[in-house]
Amino acid sequence: FETGFSEDNFSQCGEFYRNVLDEGARDRLTSNIAGTLVNAQDFLQRRAIANFSKADPDYGASIEKKIANLKRMPSSPAFSKPPAPLNPPRKI
């Protein structure tokens, strides 16, 4: 079925990133995305970065840089110990 319209899945996202968000909002957005993607498999990270780059090259580059920085960060001691039990047993 041919509609005569070409699919454009990236320009609106790029316009939003460049022209609506200010620098602080762009930084927070890319930090949140990178924080979510850092634990994803590498092929998924590459695919997501490629898609964000199609919207705006800086968008993808910023996410890629932040993922790399997060991977280099040492693990926080707060996250390295096991979580406390939700319902500890009572001492009788």
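So, D27: at 42% relative accessibility, D27 counts as partly exposed, which here means between the buried cut-off of under 20% relative accessible area and the exposed one of over 50%, with a 1.4 Å probe and protein chains only. D27 pairs up with K66 in a salt bridge, and the closest N and O atoms are 2.5 Å apart. For us, a salt bridge is a side-chain nitrogen of Lys or Arg within 4 Å of a carboxyl oxygen of Asp or Glu. K66, at 16% relative accessibility, is buried.

Quick housekeeping. This is a predicted model, where local features need pLDDT of at least 70 and side-chain atom pairs count only at pLDDT 80 or more, while totals for chains, interfaces and linings use all residues. Residues are numbered from 1 along each chain as its sequence is written, and side-chain values use heavy atoms, leaving out hydrogens and water.

Okay, back to the pairs. The structure holds 4 salt bridges. Take D42 and K71, with closest N and O atoms 3.3 Å apart. D42 sits in helix α3 and K71 in helix α4, so this pair ties together parts 29 residues apart in sequence. Helices, by the way, are DSSP runs of H or I, at least four residues, numbered from the N terminus. D42 is partly exposed at 43%, and K71 is partly exposed too, at 46%.

Now R18 and D56: their side chains meet in a salt bridge at 2.8 Å, N to O. R18 is in helix α1 and D56 in the loop between α3 and α4, 38 residues apart. D56 is buried at 8%, whereas R18 is partly exposed at 37%. And E15 joins in: E15, R18 and D56 are linked in a network of salt bridges.

Notes
Helix = DSSP H or I, 4+ residues; strand = E, 2+ residues; numbered from the N terminus.
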